[in-house]
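I opened my notebook to look up a few things in this structure, one after another. My entries follow the order in which I looked.

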Amino acid sequence: MGLGGCIILIAVGAILTFATDWHMQGVNITVVGLILMAVGLIGVATFSGIARRRRVVVPPTAPVVEDEPRHHHVDGYSDGYGV
């Protein structure tokens, strides 16, 4: 369920809690609305936490350029020929 679904849950819960005057036997519509609003708020908090974690920008590291090691020979061949 995305952010839109959470907002819909909050809206439906608010409508059931504050805008209806229904009386059903065995069901308290006000409590059902409050539960839907609570679930919607928990969903928004969870979604925003996941979205924030997903958008972490890691700065790129500069590539390490290593020079090739120079071969120093004691036999007089400094360029590597004759080895």
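Below are my notes on the whole chain, then on two residues.

I note at the start that this is a predicted model, in which local features need pLDDT of at least 70 and side-chain atom pairs count only at pLDDT 80 or more, while totals for chains, interfaces and linings use all residues. Residues are numbered from 1 along each chain as its sequence is written, and side-chain values use heavy atoms, with hydrogens and water left out.

Whole chain. I found 2 helices and 0 strands, where helices (H or I, at least four residues) and strands (E, at least two) are DSSP runs numbered from the N terminus. Buried residues, meaning those under 20% relative accessible area (1.4 Å probe, protein chains only), make up 12% of the 83 residues.

Thr17. I located Thr17 in helix α1, which covers residues 3-18. Is Thr17 buried or exposed? Thr17 counts as buried because its relative accessibility is 12%. Leaving aside neighbours within four places in sequence, I listed its contacts (heavy atoms within 4.5 Å) as Thr30, Gly33, Leu34 and Met37. For two of these residues I also looked up atom distances: the side chain of Thr17 reaches the backbone oxygen of Thr30 at 3.5 Å and the backbone nitrogen of Leu34 at 3.3 Å.

Trp22. I then turned to Trp22, which lies in the loop between α1 and α2 (29-54). Trp22 is exposed (the term requires over 50%), because its relative accessible area is 55%.

Key
A polar contact is a pair of N or O atoms within 3.5 Å; within protein, one must be able to donate a hydrogen and the other to accept it, and residues adjacent in sequence count only if both atoms are side-chain atoms.
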